[in-house]
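Here's a quick tour of a protein chain for someone new to reading structures. Have a look at the sequence and the 3D view first, then work through the notes.

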Amino acid sequence: MTMTPDAAAAFAETFGRLVSGVEQVLLGKTHVIRLAFTALFSEGHLLLEDVPGTGKTSLARAMAQSVDGTSSRVQFTPDLLPGDITGVSVYDQRSGAFEFHRGPVFANVVLADEINRASPKTQSALLEVMEEGQITIDGITHVLDQPFMVIATQNPVEQAGTYRLPEAQLDRFIMRASIGYPDHASTLRILEGADQRAHDVVVPPVVSATTIIEMASAVRTVHVDPSINDYISRIAQATRHAQEVRLGVSVRGALALLRSAKTLAAANGRHYVVPDDVKSLAESVLAHRLILDPEAEFDGVSASNVISQLLIETPPPSDRLAV
């Protein structure tokens, strides 16, 4: 069963209200907020590569409030252990049994701040949770709260004392984005409200967590024409043959682009995907999955440049795609 036009219109209306609510906290950042909710409804996770003080924590908290869910924040440091994230079993002398104490990962929206400062072992613990959606400790499986989304951040400027995320782990994030500094008008609005801390701003819930799960399920039924699948496949193949690229986009990356395009189509009130949905998300979904040739990096070529050029060289389908 595919999504109907009426269902797509209802989805877009709710999506818009969610974005507007979070924008009360993160002023002037509509595009990033839309990307974050696109990742949420695509049942993926978001990597924010940004400098400190741009509102990453506020974004995670506001998103959780808007879906009437829970949020948690983990500050990653070199001495952080896997159990500090997932939780540990503690022996209770009164009952004579081990009790599981849930870690901060048991929340609807988890902010993993400066993920590249933790050891690879701790990074892997979080990334395994992201992939599995559950935790097994002492032989007992604990299912995570739903919906579940990780917003991980890393500082691209200061690299001292950091552990770079391996490319195979970067591939676990459905997209990468950057909040960036606010524009002049938004900065003025922030300064005018300086007497009120961002932590004090409460975003009213728009929908329940259960509704988010239902909406994410509905996204899977958005119609995708075979020519769109062909277009995504050709883009992925083009990254593998690009001269500047040492390792191109995996099948997981192509699937991530398809899932995100479905969500964006519904967010725009359509029950079918068009090539522009794919093109507008290609950089955010694919760029962090590329491994560039060292000589190309030395020449100043970026993964975003490569994706932009490949989109120009890869012709989109021209047939009418509405159903």
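What follows is a short briefing, grouped by topic.

This is a predicted model, so keep its ground rules in mind: local features need pLDDT of at least 70, side-chain atom pairs count only at pLDDT 80 or more, and totals for chains, interfaces and linings use all residues. Residues are numbered from 1 along each chain as its sequence is written, and side-chain values use heavy atoms, with hydrogens and water left out.

- Where they touch, 28 residues come from domain 1 and 24 residues from domain 2 (contact means heavy atoms within 4.5 Å).

**Nonpolar cores**
- The largest nonpolar core has 72 residues, and F37, F41, L46, L59, M63, I151 and V278 have the most contacts inside it.
- A core here is a set of buried Ala, Val, Leu, Ile, Met, Phe, Trp, Tyr and Cys residues joined through side-chain atoms within 4.5 Å.
- Buried means under 20% relative accessible area, exposed means over 50%, and partly exposed is in between (1.4 Å probe, protein chains only).
- Helix α10 (residues 251–267) gives the most to this core, with nine residues.
- Each of domain 1 and domain 2 supplies at least three residues to this core.
- Leaving out residues up to four places away in sequence, M63 touches V22, A36, F37, L40, M149 and I151.
- There's also a second, separate core of 25 residues, including L47, M130, V150 and F173.

**Two helices**
- Helices (H or I, at least four residues) and strands (E, at least two) are DSSP runs, numbered from the N terminus.
- The 17 residues of α10 should span 24 Å at 1.5 Å a residue, and the end C-alpha atoms are 24 Å apart, so the two agree; the expected span is 1.5 Å times one less than the number of residues.
- α10 is mostly covered, with 13 of its 17 residues buried.
- After α10 comes G269, with a positive phi near 80 degrees.
- Helix α5 (residues 120–132) has buried residues T122, Q123, A125, L126, L127, V129 and M130.
- Among the elements covering those buried α5 residues are α4 (82–86), β5 (109–113) and β8.
- G133 follows α5, and its phi is positive too, near 75 degrees.

**Strand pairing**
- Strand β1 (residues 46–49) pairs with strand β8 (residues 149–154) in the parallel sense over four bridges; two strands count as paired if DSSP finds at least two bridges between them.
- E49 has Q154 as its bridge partner in β8.
- β1 also pairs in the parallel sense with strand β9 (residues 175–177), over three bridges.
- In that β9 pairing, L47 stands opposite R176.

**Spots in the loops**
- D50 lies in the loop between β1 and α3 (56–66), and its relative accessible area of 6% is why D50 counts as buried.
- A cis peptide bond joins Q146 and P147, with omega about -5 degrees, and P147 is in the loop between β7 (140–143) and β8.
- E43 isn't a glycine, yet its phi is positive, about 60 degrees; E43 counts as partly exposed at 44% relative accessibility.
- D68 isn't a glycine either, and its phi is about 55 degrees; D68 counts as exposed at 52% relative accessibility.

Note on methods. Domain bounds come from an automatic or database domain assignment.
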